[in-house]
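Hello,

Here is the structure I promised to pass on to you. Please open it beside this email, and then read on for what turned up in it.

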Amino acid sequence: MKSTQKGNNSSAELEKKLAQREAELAVINSVQKGLASKMAMQEIYNLVGGKIRELFDAQVVMIATFLHEEKKEQFHFFYEDGELHYPSPRVYNKTRQQLIDTKELICINENAEKAASVVPGTKPPKSMAFFPLITGKDVTGYISLQNLDRENAFSTSDVQLLGTITSSISIALENARLFNETEQRNAELAVINSVQEGLVAEMGLQEIYELVGNKIRDLFDAQVAGIATFDHENKTENFQYLFENGERFFPEPRRFDKLRQRLINTRKMIWINENAAEAFRTITGEAPKPIPGTRFPKSVVYVPLVISDSVRGYVTLQNLDREHAFSESDVRLLSTLANSMSVALENARLFSETEQRNAELAVINSVQEGLVREMNMDAIYSLVGNRICEVLKTQTMLIRTFDHDSELETWEYAVENGERLYMDPRPFIWANRYLIKTKEPLLINENYLETAQKYGGKGVSKGQPPKSAIFVPMIVSDHVMGSISLQNVEREHAFTDSDVRLLTTLTNSMSVALENARLFNETTRLLAETEHRATEMQTVNHISRAMVSQLEFDALIKLVGEQMKETFQADIVYIALFDRKTDTISFPFEYGDKNEPRKFGNGFTERIITSNKPLLINKDIEEIRAQLKAKPIGRVTSSFLGVPIQTGNIPNGVISVQSTEEENRFDENDLRLLSTIAANVSVAMQNAEAYRKLSSALDELKSTQEQLVQQEKLASLGQLTAGIAHEIKNPLNFVNNFSEVSLEMVDEAREEVLSQKSKVKSEQSPLEGSAEAERRRGVLSPFEGGSERSEQGDDAISAKDEASSLILEILDDIEANLRKIHEHGSRANGIVQSMLMHSRGGSGEIEPIDLNAIVKEYTNLSFHGMRANKEPINVDIVLQLDETIGKVPLIPEDFSRVILNLCNNAFDAMRDKQGSVHKTQGSGDYKPKLTVRTQTRNGTVIIEVEDNGPGIPDDFKDKILQPFFTTKKGTQGTGLGLSITHDIVKAHGGELNVDSEPGRTTFIIKIKK
């Protein structure tokens, strides 16, 4: 029995050992299988951990390794309650330290939570066992089983089995680790070798980035692989390589975010295996923003590229679909690759920069050689353009210069596919406006047309639209003087950042060379311009000296016109003046064409005056005239130059020179010269106008002085006239008074004669006859009888009647004479009264008076005065008065004297002529006629006094208005009448002229109304 029982126990023990050995072999085989299939180390850990979960009743299975230098444990497999966890490395506790120190397994079946160090996110165990992984003499890690629900969960056989498995797989895991490290090292060397191959093959730096990026994509299970470099000066990252889901992306450079800044500051990698969005938010403090066109990752690793303590960029792996996509070994491999690759990439960068520098120096040397040989700007542009095309192998190359005032760009050099392009100056394109604003290069590697349209451009100037382009500003003294651009019309991403840097360096170097050439050309141009200016100044000085010597306006205009003819040798020359009051343009000087004064219209002259700007047209003059809607006036011309004449800033005329045969006859120098001359003409015209005003003021002053003298004369004459009038008035009063008294006495005498005559008739009886009547009167005695007495009495009565009748006739004659005396005395009294009124002079101030009324009144007064003269004549008076004249400002008492004097003078002349005709021809046919006219013309009142007398001899015409000159004989005239009249007219600001010929004399008065 015992032997049978013992045999059974031995059999069971053997079966148990066999099962343990099978389990051990299964785990070891899984490790070997992973190695054979070249699994990643993390996959092997996952395989071993899965096998252990199948063998043991444990809610928690852990596989960890120790980082002895850091005293941390790193979890490679952590399974709890059906879920994998990915704890971060952590400092190990006393239990792990005991495991390292004793190299013995640790099994805690009771109160395990007191000894446990709970991983965040898991529960504390109630039973746990730790089995050391020993390689040589070192504990490299452990495998742990834990139960969360019950104590004493692990039996002795479980412990023995896991201990045996752990002892067996320690070497297998170490071999797998070493194998993976060897694979990683091979991969690292493959990357480094690929970089070195790129250097040997003289690849461009971008090609090396492409090669390295592709190698990394092959090594790692990552949907996103990227390489970026940092521009620390501009604080931007430049994406050299970026792949996502098999598609290549080319993002624009963008500013550092806080995550990149953390890479730079700490120089440590960033490894995020879960909750990536929250991790990014924690680092940056804001919601994460993926690169446009990509998705945000769930797992990500950023490894800095460090050269001499400076972070030059980073390498990144990202998984978009799952967390914990990258293991510790992946991170270590990527870090090792990054560290090794940094040096290789830096060498490649330096090599590339050296190549670029060599190319740059070659171009600069070519430019310098060109400068030595040639200072012509066009030749230099061509030399530089051709050299850049050779170095950068571009399809399209443009060198532009900018005119910032007119906002035009000039194509100094343009080539597309080997063909030279030419274009007139045109407005700035959108890219050049961007360069002027930012002073920074512009790289466009995709969506060129969309980018151009975004900035308001069309995307193509001439030829095919590009798919890739570089624009680099040409800067001199912080001023963008132009740009250089490269374009590729066949493919996107044709240019790299290194191309931009090279072209920028070349452009900066070339800008200085071109500026030197430009300054040389500018100096040459300025010397030529200085010589031309000197010639211009000689011409201007010559004309100015001539104008200074001429102050008379008309002569000045003629002088200027003649100088323009001589200076410009033009077919047509004119000077036009604009009168704003009348809105007319006159042409005081013309040569080669005839222009009548005209209303302001829409010709070239009017355009210049309206715009107050010069007008230069050298070709297509009719087309430009149509564009300006200017009316053709005068001869057809081929070239036109006109500049405004200004007073202050106000245009008041135009000087123009024209060619009828030759286009492009005038240039900017002619424009400048004519403008300078016009400015001098304006000053000379102002001087002439000032001289005219001064002369006018002097004339007015003289006139005023003469008026004052004349007024004094008139005042003295008035006083004399008043005295004479008073002296004449006294005897006139006696004449008038005694004539009136004599008339009364004649009336009384007539009444007495008539009374006596009546008495005589009443005393003679009808029966007695005349004798009885006589007797009654005592003439005959009653006793005298007979017929004798009767006859005597009748004779006496008849004699008395005759005597009475005679007396009455005499009285009638006396009465008639007295009435004539009274009539002419009264008329003489009226004349004296007028003289007194005139001598009193009224107010002596100018006042508006009815001119026609005063002319009519004093013409009649003069006529009646002539008729009262001892030698009256019959004169036909004709008044032709303009009724529209109205009131005219005059001194009434003075101007009335003018009319009297002129009419009196006319009457005297006609009287003399009538006397001469009567002596020679008898009664003759001469009929004296006086015509007085008034009219207004251009604001001037004209009074004409015309007689048909003998006329004034030519010898007397210049003397007729002089004081004391008279044509009258003896004491008939004093020679003061016309002189005083002339002075009165001048005192009114007018003029008195004489127009005389045999048989007619006209005195003409002109006074401003």
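Which side chain meets that of Arg750 in a salt bridge? The partner is Asp812, at 2.6 Å from N to O. A salt bridge here is a side-chain nitrogen of Lys or Arg within 4 Å of a carboxyl oxygen of Asp or Glu. Arg750 sits in helix H17 (residues 668–763) and Asp812 in helix H19 (residues 786–840), so this pair ties together parts that are 62 residues apart in sequence. Helices (H or I, at least four residues) and strands (E, at least two) are DSSP runs, numbered from the N terminus.

A word on the source before going on. This is a predicted model, in which local features need pLDDT of at least 70 and side-chain atom pairs count only at pLDDT 80 or more, while totals for chains, interfaces and linings use all residues. Residues are numbered from 1 along each chain as its sequence is written, and side-chain values use heavy atoms, with hydrogens and water left out.

Back to the charges. Side chains of opposite charge can pair when their charged atoms come close. The search of the whole structure finds 22 salt bridges. Arg750 is buried, with a relative accessible area of 15%, whereas Asp812 is partly exposed at 39%. (Buried means under 20% relative accessible area, exposed over 50%, partly exposed in between, with a 1.4 Å probe and protein chains only.) Another bridge joins Arg400 and Glu409, at 3.0 Å from N to O; Arg400 is buried at 1% and Glu409 is buried at 0%. Arg933 pairs with Glu946, their closest N and O atoms being 3.0 Å apart.

Next, the nonpolar cores. A nonpolar core is a set of buried Ala, Val, Leu, Ile, Met, Phe, Trp, Tyr and Cys residues joined through side-chain atoms within 4.5 Å. The largest one has 40 residues, and those touching the most other members are Leu851, Val875, Phe895, Phe907, Met910, Leu930 and Ile1005. Among the elements that give two or more residues to this core are helix H20 (851–867), helix H21 (892–921) and strand S31 (929–937). The largest share, 10 residues, comes from H21. A second, separate core of 28 residues includes Leu392, Val415, Leu503 and Met510.

Now for the rings. Rings of Phe, Tyr and Trp (its six-membered ring) pair if their centres lie within 6.5 Å; planes under 30 degrees apart count as stacked, over 60 as edge-to-face and the rest as tilted. By this rule there are 20 aromatic pairs. In one of them, the rings of Tyr302 and Tyr314 have centres 5.4 Å apart and planes at 70°, so the pair is edge-to-face. Tyr302 is in strand S13 and Tyr314 in strand S14, so the contact ties together parts 12 residues apart in sequence. Both tyrosines are buried, Tyr302 at 4% and Tyr314 at 2%. They also belong to one aromatic cluster with Phe230, Phe256, Phe280 and Phe296.

What arrangement do the rings of Trp430 and Tyr455 have? Their planes are at 10° and their centres 5.6 Å apart, so this pair is stacked. Trp430 is buried at 8%, while Tyr455 is partly exposed at 44%.

Enjoy looking around!
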